[in-house]
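Subject: Structure handover

Hi,

Here is the structure I promised you. Please open it and keep it on screen while you read my notes below.

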Amino acid sequence: QVQLVESGGGLVQAGDSLRLSCAASGRTFSIYGMGWFRQAPGKEREFVGAITWSGGVTRHADSVKGRFTCARDNAKNTGYLQMNNLKPEDTAVYYCAAQRRGYTSYEYWGQGTQVTVSS
């Protein structure tokens, strides 16, 4: 089992920055990658970005490329989502998720953290 605890959400103005953290515990050696997703009211959950745990290879959704960056600190078993130049349309609940080695889906999920961007 892997447990994920998120932090760092809040209320900011358009153009501001936030960094979300996702602390992993438990069988962290089994993590292959960490993904970030978001869900706005009335909308489906969407992929934001992901990073491989060992190699640090990242990919991001087109809607956030150039503004959001996934990172990780293996020593701290923590993943990060750095969000710059935030826009009102980025308002959502953000979730981190962990993908185990050998699995294609994200099996473990954080509790979610609210990010609200005012115009």
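The side chain of D90 makes a polar contact with the side chain of R38, at 2.9 Å. Its side chain makes another with that of R67, at 2.7 Å. (A polar contact is a pair of N or O atoms within 3.5 Å; within protein, one must be able to donate a hydrogen and the other to accept it, and residues adjacent in sequence count only if both atoms are side-chain atoms.)

This is a predicted model: local features need pLDDT of at least 70, side-chain atom pairs count only at pLDDT 80 or more, and totals for chains, interfaces and linings use all residues. Residues are numbered from 1 along each chain as its sequence is written, and side-chain values use heavy atoms, with hydrogens and water left out.

D90 is buried, at 1% relative accessibility. (Buried means under 20% relative accessible area, exposed over 50%, partly exposed in between, with a 1.4 Å probe and protein chains only.)

Now the rings. The whole structure holds four aromatic pairs. (Rings of Phe, Tyr and Trp, the last by its six-membered ring, pair if their centres lie within 6.5 Å; planes under 30 degrees apart are stacked, over 60 edge-to-face, the rest tilted.) F37 and F47 have ring centres 5.7 Å apart and planes at 75°, so they are edge-to-face. F37 is buried, at 11%, and F47 is partly exposed, at 24%. F37 also pairs edge-to-face with Y106: 5.3 Å between centres, 80° between planes. Y106 is buried, at 17%. F37, F47, Y106 and W109 form one aromatic cluster.

Best wishes
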